[in-house]
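User: I'd like to learn how to read a structure like this one, feature by feature. Can you walk me through it?

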Amino acid sequence: MSEHNAIDDLSHHRKFKRRPMQVTDAQELAVSYAATGLTEHIRLQESDGRVLAADMIAPHPFPAFARSGMDGYAIRSADTSRCELGETVWLKVVDEIPCGYVSSIPIESGTASRIMTGAQVPEGADAVVMLEATEIRHEGSETMVGIKRPLAPGKNITPMGFELQEGDLILRKGTKIGPGEISVLATFGLHQVEVYRKPVVGIFSTGTELLDIESPLEPGKIRNSNTYMLASQIREAGGVPVIMEAIPDRIELAKQRVEEALAEYDLVVTTGGVSVGDYDIMGELVTSGSMEMLFNKVTMRPGSVTTAAVKDGKLLFALSGNPGACYVGFLLFVRPAIRKMLGMEQFYLKEWTAELGADYAKVNNFTRFVRGRLEVQGGKLIATPALLDESSVMITIKDSDCLIVIPPELKGAAKGQAVQVLVLPGAWT
Ligand SMILES: Nc1nc2c(c(=O)[nH]1)N[C@H]1C(S)=C(S)[C@@H](COP(=O)(O)OP(=O)(O)OC[C@H]3O[C@@H](n4cnc5c(N)ncnc54)[C@H](O)[C@@H]3O)O[C@H]1N2
Ligand code: MOO
């Protein structure tokens, strides 16, 4: 008997049915409901990692003026043509131009102005001779600069608009902001940017066995680690976690609390209570009332019980209580939804091909996402499965930097075999 039939049989007495869905279908369906219209204006200094919600256009050329690339003298290149005959050409120095200063004295034939790197080239000049290639002579009150070699027009000058012209597209909507983007936006004085707003995500835990992390251990109880793991995952994804009080066991009250959270926040995630046990209320909650269930079973392990629903355009993800399944369910479904809401174009985990570092025996016909470790050996990428990767195992989450994908049709995989791996956030990128 296949696994989903087993669950259907066990849950026949309940109001809901398990409808298994393929992983990629379930991902696409859930992500299609992730709202992308939420934007805000923020200060450039606070925009790292955010995604632009509007095209940015250059309000002026850059550089905005012809700029000297050297400390030296701004001259007319034609004046240096006589240097070809071995003559030193002497020009009268008429001004000194530091950065930020605009000279009012145009360069005419026979004259030069002392100029600094980054300063505006004066009118009439079409080249800058570097200081080291000149000599100085004083004639009474006048300073003369001597040049020995001819200069081509444009030498050591960056023309106005060399990098960008006024009206050019600087950054496209959908661009993630990093140091390079901040540099260009600051250059143009674009100190406020419109970005996609960070989704605020409510987190609920379920289960009477849960103790908060400040509590001493009690018999039969465990500490609520998933809530804090999820909060960390939400922050990594770019969202803002809000830890809610645990969901009560009573279905009506639970429903009310989840619906209130859905009205207030952009997204809601729950952990636990989603299987077929007597206290597993999430399955019933997502099939009742005004909620539209998208799926309540996915052909994957861990996380086969991953459930998603929508209410008034807001997504609710009910993840497993088992830490390993909760972790993977978040990565495959919630993270892409958050990243899409943040305006990111690549919202799924990166997929690479690697060589399996050890045999892996698979027990059912679901896609298996095995926690693993990537390393480069002899120029090859090797992915080695964690020794413990059951849904209920927490300890190897911290040791993994990839999920090794064992497809449904394979019974297992042998060491050396090519496998797809999903690269975990923060690792290798
Ligand atoms: N008869 C069946 N039993 C189970 C099935 C099944 O098909 N038939 N599926 C199994 C699978 S697969 C999974 S995965 C789990 C899913 O269980 P739930 O998501 O309903 O989670 P709970 O029962 O509430 O808890 C499971 C496990 O996780 C611990 N837990 C719960 N919340 C937290 C938390 N916030 N932090 C840390 N640990 C947590 C909880 O104490 C349990 O040990 O169901 C199987 N059962
Ligand atoms: O498939 Mo369960 O949902 O992780 O083991």
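Analyst: We'll go from overall shape to sheets, then to backbone details and ligands. This is a predicted model, where local features need pLDDT of at least 70, side-chain atom pairs count only at pLDDT 80 or more, and totals for chains, interfaces and linings use all residues. Residues are numbered from 1 along each chain as its sequence is written, while chains are lettered from A and ligands numbered from 1 in the order in which they are written.

User: What radius of gyration does the chain have, next to a compact globule of 429 residues?

Analyst: The radius is taken over C-alpha atoms, and the globule rule is 2.2 Å times the number of residues to the power 0.38. Here the chain has 32 Å, whereas a compact globule of 429 residues would come out near 22 Å. The C-alpha trace spans about 105 × 50 × 40 Å along its principal axes.

User: How much of the chain is buried?

Analyst: A residue is buried if 20 or more other C-beta atoms lie within 10 Å of its own, exposed if 12 or fewer, and partly exposed in between, with C-beta atoms placed from the backbone. By that count, buried residues make up 40% of the 429 residues.

User: And the secondary structure: how many helices and strands are there?

Analyst: Both are DSSP runs numbered from the N terminus: helices are H or I with at least four residues, strands are E with at least two. The chain has 7 helices and 30 strands.

User: How do I read a sheet, say the one with E8 in it?

Analyst: Start with the general idea: strands of a sheet pair through backbone hydrogen bonds, either parallel or antiparallel. Two strands pair if DSSP finds at least two bridges between them. In this case 6 strands make an open sheet in the order E8-E5-E7-E6-E10-E9, with mixed pairing. At the edges are strand E8 (127-130) and strand E9 (134-139), each pairing on one side only. Walk in from E8: strand E5 (residues 72-75) pairs with E8 in the antiparallel sense over 4 bridges, and Ala74 has Val128 as its bridge partner in E8. E5 also pairs with E7, again antiparallel, over 3 bridges.

User: Which residues of E7 sit on its two faces, and are they buried or exposed?

Analyst: Thr111, Ser113 and Ile115 are on one side, Ala112 and Arg114 on the other, and they are all buried. Ile115 is a handy landmark: Gly72 has Ile115 as its bridge partner in E7, and Ile97 stands opposite Ile115 too.

User: What is the strand order in the sheet that contains E22?

Analyst: That open sheet has 6 strands in the order E17-E14-E18-E23-E22-E19, with mixed pairing. Strand E17 (240-243) and strand E19 (292-295) each have a single partner strand, so one side of each is left without a neighbour in the sheet. Strand E22 (residues 307-311) and strand E23 (residues 314-319) pair in the antiparallel sense over 5 bridges, with Leu316 in E23 as the bridge partner of Ala309.

User: Where does Asp312 sit, and what about its phi?

Analyst: Asp312 is in the loop between E22 and E23. Its phi is positive, about 50 degrees, although Asp312 is not a glycine. Asp312 counts as exposed because it has 10 C-beta neighbours inside 10 Å. Now take Asn156, also not a glycine, with a positive phi of about 60 degrees. Asn156 is buried, with 21 other C-beta atoms within 10 Å.

User: Last one: what surrounds the ligands?

Analyst: A residue is near a molecule if its C-beta atom, placed from the backbone, lies within 6 Å of it. Around ligand 1 there are 28 residues, the closest being Asn226, Gly272, Ser275, Ser320 and Gly321. Helix H1 (3-10), helix H4 (226-237) and helix H7 (323-341) each supply at least two residues of that shell. Residues surrounding ligand 2 include Arg301, Pro302 and Ser320.
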